[in-house]
Amino acid sequence: MVSVTRAAFGELPSGLGTVERFRLRSEQLRVDLLSWGCAVAALEAPDRRGSAADVVLGFAGLEGYLQKQPYFGAVVGRVANRIAKGTFTLDGKEYRLAINREPNSLHGGLRGFDKVLWTPQVLPNGVQFSRVSPDGEEGYPGELKVWVTYTLDGGELVINYRAQASQATPVNLTNHSYFNLAGQGSPNIYDHEVTIQADEFLPVDETLIPTGVIAPVQGTAFDLRKPVELGKHLQEFGIDGFDHNFCLQRSKDRHFCARVHHAGSGRVLEVYTTQPGVQFYTGNFLDGTLKGKDGAVYPKHSGFCLETQNWPNAVNEPHFPSVLLRPGEEYNHTTWLVFSVA
Ligand code: BGC
């Protein structure tokens with residue numbers, strides 16, 4: 001049984017509307033969703049003794065979400081991740097996007113899908129959010145109709161993304177939740193054991209754009225095919241964290257992506273997806289300056305993201321899986337977040 005309740009969360013400035021909060025409850029999970037950015041604002045999951053903790057980073061009120069902040073819980077688009085120099089050529093025409101993370105365009109530009117009010121519709125076991133991204137929004141071609149549907153089923157939160165375009169456009173949608181399975185506000189994720197089902201990853205240049213090489217993980221710090229304890233692993237390889245795309249199975253069937261286990265609490269998060277990639281980001285740019293829920297501050301490495309998606313900069317790399325959506329086609333991807341204890 002899932003219940004869904006709805007309440008006002010805050011007022012946008014200048015009469016731009018009311019942001020609502022939707023609370024989904026199953027026997028195992030409680031999930032709060034916002035109509036601002038389709039954000040997951042809270043996710044309570046039990047530990048092995050049955051005691052619940054909120055495992056996603058976020059803010060107590062709307063002001064937190066409206067300030068400059070790194071996409072906490074939000075859906076990002078029209079194109080998640082980086083597009084090199086914010087340019088691409090499509091059907092012979094060059095497009096120039098907003099450059100919001102010099103010298104590249106990141107997560108849809110200056111005002112991406114995370115910074116808009118979506119239209120909610122309550123479902124028996126979840127919420128569907130929709131919006132129309134107008135032709136030319138942030139420099140992208142054509143109008144794009146988008147539906148993001150969150151449903152809850154026991155310990156499983158399912159996120160489905162659908163889109164239809166009036167003109168050919170790149171589309172890449174994901175959710176940007178930062179997790180800490182010890183409970184949000186815990187100082188780091190070093191005691192988390194991580195597995196990612198990827199034989200290959202994408203090395204990046206100094207601006208975090210993939211070089212174009214599809215590199216085997218074998219013998220590198222990127223080999224996470226067997227569980228590694230994150231803190232030890234980073235130390236062993238002398239690296240400062242992950243912010244990379246791991247290449248998953250390319251089939252559009254549901255496939256296993258990743259598993260994260262927090263031994264202290266017993267909490268486990270398993271991720272399954274229809275997407276060909278996942279950006280594993282270890283909160284490298286968090287710096288402790290944001291004021292989070294329950295007095296939390298979020299230092300570097302205090303949360304991790306598993307952003308299931310197409311490969312970064314795919315619009316400029318013909319040998320990457322195609323990121324283009326054409327009129328008459330439908331973009332349709334699903335990611336399953338499965339919580340349990342072990
Ligand atoms: C990117 C990071 C970026 C973060 C927040 C992640 O998806 O990979 O490089 O800092 O989002 O903006």
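**The ligand and its surroundings**

The ligand sits in the largest pocket. Here a pocket is an open set of points on a 1 Å grid over the protein atoms alone, with protein on both sides within 12 Å along at least five of seven lines, and a molecule sits in one if more than half of its atoms lie within 2 Å of its grid points. This is a predicted model, where local features need pLDDT of at least 70 and side-chain atom pairs count only at pLDDT 80 or more, while totals for chains, interfaces and linings use all residues. Residues are numbered from 1 along each chain as its sequence is written, and side-chain values use heavy atoms, leaving out hydrogens and water.

Around the ligand there are 13 residues (a heavy atom within 4 Å), and the closest are R82, H107, H176, D243 and E307. Sorted by class, this shell holds six nonpolar, three polar and four charged residues.

On its own, the ligand has 310 Å² of accessible area (Shrake-Rupley method, 1.4 Å probe), and the protein covers 99% of that.

Turning to G73, this residue is found in the loop between helix 1 (62-66) and strand 6 (75-76).

Note on methods. 1 Å grid on protein atoms, 1.4 Å probe; cavity = no way out; pocket = protein on both sides within 12 Å on 5 of 7 lines; lining within 4 Å. Nonpolar A, V, L, I, M, F, W, Y, C, P; charged D, E, K, R; others polar. Helix = DSSP H or I, 4+ residues; strand = E, 2+ residues; numbered from the N terminus.
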